[in-house]
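Here is a friendly walk through one protein model, meant to be read with the structure open beside you. Have a look first, and then we can go through it together.

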Amino acid sequence: MLFRSLILGAVLLSASTLTLAREAMAKYGEYYLGPKTMTVELAKLASGTQALIKVYGVDHAWDGKVLRVDVRSGRDDRSEYYLKVDGKDYVMMLVGQYQAQIYLPGLGESYLQFKREESLSVQPEHLMTEYEQYAGK
């Protein structure tokens with residue numbers, strides 16, 4: 001009976017550890033400035049197949065929310081970031097070597113400027129924490 005209780009306890013501990021495990025994030029994020037007050041933070045998951053994007057400073061339903069997107073390789077060595085909207089893939093952001101664009105429903109396309117110094121202050125782990133808090137609601 002004691003052995004059975006120990007095994008059950010170990011299984012429950014392993015299961016709770018798995019739910020507490022956090023997905024690994026890339027070490028560095030990216031920071032972009034858009035028109036007027038628009039700012040975009042981007043942080044890839046370590047797998048490279050998904051990323052978190054936070055857009056703020058814009059009058060839009062997604063303002064201040066961290067969104068999880070799929071990352072795909074596009075033409076001309078460009079990264080494409082897709083979000084599921086109403087069950088369909090929606091291209092939210094395109095990042096190439098020399099330019100970046102973001103597309104917000106109802107606002108259309110906005111060009112973004114990469115900011116190196118500000119990118120060094122983006123903290124991918126903090127974006128993941130914000131995403132988890134928002135996703136849990």
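Predicted model: local features only at pLDDT ≥ 70, side-chain atom pairs only at ≥ 80, totals over all residues.

## The nonpolar cores

Let's start inside. The largest nonpolar core has 21 residues, and the members that touch the most others are Val40, Ile53, Val55, Tyr81, Met92, Met93 and Ile102. Two or more residues of this core come from each of strand E2 (39-44), strand E3 (50-56), strand E4 (66-73), strand E5 (79-85), strand E6 (88-95) and strand E7 (100-104). Another core lies apart from this one, with 10 residues that include Met25, Tyr31, Leu45 and Tyr131.

Setting aside neighbours within four places in sequence, isoleucine 53 is in contact with Val40, Glu41, Leu42, Lys65, Val66, Leu67, Val69, Tyr81, Met92 and Met93.

## Strand E2 and its partners

Strand E2 is mostly covered, with five of its six residues buried. On one side of the pairing story is strand E1 (residues 30-33), which joins E2 in the antiparallel sense over four bridges. Here glutamate 30 has leucine 42 of E2 as its bridge partner. The hairpin of E1 and E2 has five residues between the strands.

E2 also pairs with E3 in the antiparallel sense, over six bridges. In this pairing glutamate 41 stands opposite lysine 54 of E3. E2 and E3 form a hairpin too, with five residues between them, and glycine 48 in the turn has a positive phi of about 80°.

## Aromatic pairs

How many aromatic pairs are there? The count comes to two. In one of them, tyrosine 32 and phenylalanine 114 have ring centres 5.6 Å apart; their planes stand at 65°, so the pair is edge-to-face. Because tyrosine 32 lies in strand E1 and phenylalanine 114 in strand E8 (residues 108-114), this pair ties together parts that are 82 residues apart in sequence. Tyrosine 32 is buried, at 4% relative accessible area, whereas phenylalanine 114 is partly exposed at 44%.

Tryptophan 62 and tyrosine 90 also pair: their ring centres are 6.2 Å apart and their planes are at 80°, so this is an edge-to-face pair. Tryptophan 62 sits in the loop between E3 and E4 and tyrosine 90 in strand E6, so the pair ties together parts 28 residues apart in sequence. Tryptophan 62 counts as buried at 15% relative accessibility, while tyrosine 90 counts as partly exposed at 23%.

## Charges over rings

Lysine 54, the residue opposite glutamate 41, lies over the face of tyrosine 56 at 5.3 Å from the ring centre. Arginine 72 lies over the face of tyrosine 82, at 3.9 Å from the ring centre.

## Salt bridges

The structure holds seven salt bridges. One of them joins glutamate 23 and arginine 68, whose closest N and O atoms are 2.6 Å apart. This pair links distant parts of the chain, 45 residues apart: glutamate 23 is in the loop between helix H1 (2-20) and E1, and arginine 68 is in strand E4. Glutamate 23 is partly exposed, with a relative accessible area of 38%.

Aspartate 76 forms a salt bridge with arginine 75, with 3.5 Å between the closest N and O atoms, and both residues are exposed. Arginine 78 and glutamate 80 meet in a salt bridge as well, at 3.3 Å from N to O. Glutamate 80 is buried, since its relative accessible area is 11%, under the 20% cut-off.

Aspartate 86 is found in the loop between E5 and E6 and counts as exposed, at 77% relative accessibility.

Note on methods: Residues numbered from 1 in each chain as written. Heavy atoms only, no water. Core = buried A, V, L, I, M, F, W, Y, C linked by side-chain atoms within 4.5 Å. Buried < 20%, exposed > 50% of the residue type's maximum accessible area, 1.4 Å probe, protein only. Contact = heavy atoms within 4.5 Å. Pairing = 2+ DSSP bridges. Phe/Tyr/Trp six-rings, centres within 6.5 Å; stacked < 30°, edge-to-face > 60°. Lys NZ or Arg CZ within 6 Å of the ring centre and 35° of its normal. Salt bridge = Lys/Arg side-chain N within 4 Å of Asp/Glu carboxyl O.
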